[in-house]
Amino acid sequence: MSDNSPILMWFRRDLRLSDHAALTAACDSGRPVIPVFVHDALSEGLKAAPKWRLGLGVGHLAETLKDKGSRLILRRERDAQAALENLIEETGAGAVYWSRLYDPDSVARDSRIKETLKDRGIEARSFGGHLMCEPWTVETQQGDYYKVYTPFWNNVKGRDMDAPRSTPGKIPAPDAWPGSDNLDDWNMGAAMDRGADVVRPFVRLGESAAQSRLGSFMAHIVEGYDESRDIPGADGTSNLSENLSLGEISPFQCWHAGLRAREEGKAGAETFLKELVWREFAYHLMHHTPRLLTDNWREDWDAFPWQEDARASEVWAWKKGRTGIRFVDAAMRELYVTGRMHNRGRMIVASYLTKHMMTHWRIGLEWFEDCLIDWDPASNALGWQWSAGSGPDATPYFRVFNPETQIDRFDKDRTYVSRWIAEGRANPHEDALKFFDAMPRHWGLRPDDDYPDPIVSASDGRHRALQAYENRDF
């Protein structure tokens, strides 16, 4: 194979040009670089909001590459290997570079592709960048993986994390470009239906928007982050989960910005760094125990009698934001309108579903997987199992968040609830009304409906949950 043969730069969840190890290596090689995105079975299998948001990200990356004098070649093929092999035949490419992913399905796919390509004499290289620490590089003194966050944090907090790489000055183009699909033909937003138009204004799309988010957070919010991150009615978080999930910003870029803020004496900077490492911890656990994604991490919880009917009327009330518990309902409507949910809200709705309603966490995990534009397989799974008590380093099973006292503590003036709940208000907030534009028509809800009574009260739910925990036989 000629040393000047093109390199296929296979983009996946790394939709940026800066601090991109695989792209930098490809450009530094001096060989032509052909950026590629393959819409394969794994991306096709994403649920509504994550697939739609991925499509937006891919389209934005294509425009960014065009501005750099390059292109993004799009191919739709259930088998990514077949798509790559076709491109190799069409272009004479001698290498395929990509950024590593860590969920079991991606690992299996990538391992098979790497082995096959190498057997054919094609250079196949994977690079880090989605995480700061490769999951297999963080070990206890006994050579085991970490099951508790704080020791994990203590292990990695002093590591010399890679400095972010700059954007390549030039992406060398091939003499001829292969054909490309039309992104619109993929219709990646089909399952969003009319909700796409409602959620779209809340999206902060692409690398430039992510960098602006990070800069604004460090300039204006991180100082008070220790307190503001718990107030759902305030703009008190970085909101970077959306961009991190698709690699529109790298964790190294966030980490070093946090380090600079800490050096400047900004009080909330270390808490921000700990949140970045919590994300790393989720991936660490997913790598070592893939059952985190699908089954109770603590296997004795298999015996717990959770309600598992996703079609139950109480579950539908929860999904629709009609539980009669205002903190829960506000958070569920925020999710449907924005594609995201404040972290305090995530804890409250998860606790209410799994403890007050005694419903399996997997039902909540799958609903979030359908609705979140910042969906991340590891973080979503760890968050749900943490809340349910079945996961590693979980909230104690006997800790049942009281959504009424939580709202008194974190939404004292009801700013958050007023923004997202329309019923019973003469002049509802415009965002509360958007929920009725985004929801499926067959739900049949109206802003002038009566607000429901609680399906499970805070006190009754707590009593029932504690009784079930006390009677468990494991």
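Helices H15 and H16 meet through a set of side-by-side residues: Phe 327, Val 328, Ala 331 and Met 332 in H15 touch Arg 344, Gly 345, Ile 348, Val 349 and Tyr 352 in H16. By class, this contact has seven nonpolar residues, one polar and one charged. Keep in mind as you look around that the model is predicted.

**How the two helices cross**
- Helix H15 covers residues 326-338 and helix H16 covers residues 343-356.
- Their axes come within 9 Å and cross at roughly 120°.
- The crossing of H15 and H16 is left-handed.

**A pocket to look for**
- The second largest pocket holds about 680 Å³ of space.
- Its lining is made of 32 residues, with 17 nonpolar, six polar and nine charged.
- Which residues lie nearest the centre of this pocket? They are Leu 46, Asp 103, Asp 105, Trp 375 and Pro 377.
- Two strands, E1 (7-11) and E2 (33-39), each supply at least two residues of the lining.
- Helices H2 (41-44), H5 (104-119), H17 (361-371) and H18 (377-388) likewise each supply at least two.

**The chain as a whole**
- Stepping back, you can find 22 helices and five strands in the chain.
- The C-alpha atoms fill a box of roughly 70 × 55 × 45 Å along the principal axes.
- Why does the radius of gyration agree with a compact globule? A compact globule of 474 residues would have a value near 23 Å, and the chain has 23 Å, so the two agree.

Notes: Residues are numbered from 1 along each chain as its sequence is written. This is a predicted model: local features need pLDDT of at least 70, side-chain atom pairs count only at pLDDT 80 or more; totals for chains, interfaces and linings use all residues. Side-chain values use heavy atoms; hydrogens and water are left out. On a 1 Å grid over the protein atoms alone, a cavity is a set of points where a 1.4 Å probe fits but cannot get out, and a pocket is an open set with protein on both sides within 12 Å along at least five of seven lines; lining residues have an atom within 4 Å of a point. Grid points are joined across faces, edges and corners, and a volume is the space filled by probe spheres set on the points. Helices (H or I, at least four residues) and strands (E, at least two) are DSSP runs, numbered from the N terminus. Ala, Val, Leu, Ile, Met, Phe, Trp, Tyr, Cys and Pro count as nonpolar, Asp, Glu, Lys and Arg as charged, and the others, Gly among them, as polar. Axes are lines fitted to C-alpha atoms, for helices over the stretch in contact, and angles run from 0 to 180 degrees between N-to-C directions. A crossing is left-handed if the near helix is turned anticlockwise from the far one by less than a right angle, and right-handed if clockwise. Contact means heavy atoms within 4.5 Å. The radius of gyration is taken over C-alpha atoms; the globule rule is 2.2 Å times the number of residues to the power 0.38.
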